[in-house]
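User: I should like to learn how to read individual features of a protein structure. Please take me through the one shown here.

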Amino acid sequence: MLLTKGVRIIELFEPEFFGTVLNHNVTIVEKGPSGGLMMIDTGLPGYLDIIEKGLKSFGYSLEDISDVVITHYHIDHSGNAEEIKKISKAKVYAHENEIPYLSKNEQKFNLKYDDVKDELKVSEEDFERTMKRINSMKLSPVSVDAKLKGGEKIGSFKVINVPGHTPGHIALYDGNLLIVGDAVRNIKGKILPPFKFFCWNYEKAVNSFNNLLSMKFKYLVPFHGDIIFF
């Protein structure tokens, strides 16, 4: 999908996510700071072939990726970063507070059914199936080349520190386009902060959510849900 000049979205789909299908919006910027494509977030492990097909539909390949920005460490955002780096020698960017988590080869989410049943309206069977699947995923530990604090420039984008969902969550902003990872979700027209049960600090997550929505933009790209146009 062509979003705006030089920016495309590869939409991935994760089936059986608490009884639903969850979409993932991987953003591709044609002019990255290192000269090739810049990818923002990389999808779950095992989705690399689908990502490559998406790139080929734009006339590119994995080898054309020169920069990878990880908005936060969760496996659906970092799951292919190290594999892409091996293929294309891409430079990887992430906030310094995410690095301890990115250095591991697995991620565990300690959720209980009572934490999610009311908000997700999910059966206990679907909950257990999803938790078993996501907690059994393995990924290659990610080696980060550029440690971010917030305020840096990556190509035409400014790095914005938006902690809460995770300790070092970031967003990218170029004046028109705001790429927010999981700091904002837009599901069926409802613009909301991240799920409380998936947050490191929900109060900070809500503050970051409100700060992002107060900014001026033409396009807001959440990793999950529909793109917001203004």
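Analyst: Helices (H or I, at least four residues) and strands (E, at least two) are DSSP runs, numbered from the N terminus. The model is predicted: local features need pLDDT of at least 70 and side-chain atom pairs pLDDT 80 or more, whereas totals for chains, interfaces and linings use all residues. Residues are numbered from 1 along each chain as its sequence is written, and side-chain values use heavy atoms, leaving out hydrogens and water.

User: What span should helix α7 have, and how far apart are its end C-alpha atoms?

Analyst: The expected span of a helix is 1.5 Å times one less than its number of residues. For the twelve residues of α7 (residues 202-213) this gives 16 Å, and the end C-alpha atoms are 16 Å apart, in agreement.

User: Which residues of α7 are buried?

Analyst: Buried means under 20% relative accessible area, exposed over 50%, and partly exposed in between (1.4 Å probe, protein chains only). In α7, A205, S208, F209 and L212 are buried. Seen down the axis, these buried residues fall within an arc of 105°, so they line one face of the helix; the arc is that of the directions from the helix axis to the C-beta atoms. An α-helix has 3.6 residues a turn, so residues three or four places apart point the same way. Contact means heavy atoms within 4.5 Å, and the cover over the buried residues of α7 includes β10 (170-173), β11 (177-181) and β13 (190-192).

User: In what order do the six strands of the open sheet lie?

Analyst: Two strands pair if DSSP finds at least two bridges between them. The order is β8-β9-β10-β11-β14-β15, with mixed pairing. β8 (153-154) and β15 (228-229) stand at the edges with a single partner strand each, so one side of each has no neighbour in the sheet. β11 and β14 run parallel and are joined by four bridges, with G181 paired to P222 of β14. Strand β14 (residues 219-222) and β15 run antiparallel, joined by two bridges; the partner of Y219 is F229.

User: Which way do the residues of β14 point?

Analyst: Y219 and V221 point one way, L220 and P222 the other, and all are buried. In the hairpin of β14 and β15, with five residues between the strands, G225 takes a positive phi near 105°.

User: Which residues touch the most other members of the largest nonpolar core?

Analyst: A nonpolar core is a set of buried Ala, Val, Leu, Ile, Met, Phe, Trp, Tyr and Cys residues joined through side-chain atoms within 4.5 Å. The largest has 29 residues, of which I10, L55, I65, V68 and I70 touch the most other members. α1 gives the most to this core, with three residues. A second, separate core of 20 residues includes Y93, L148, V159 and L172.
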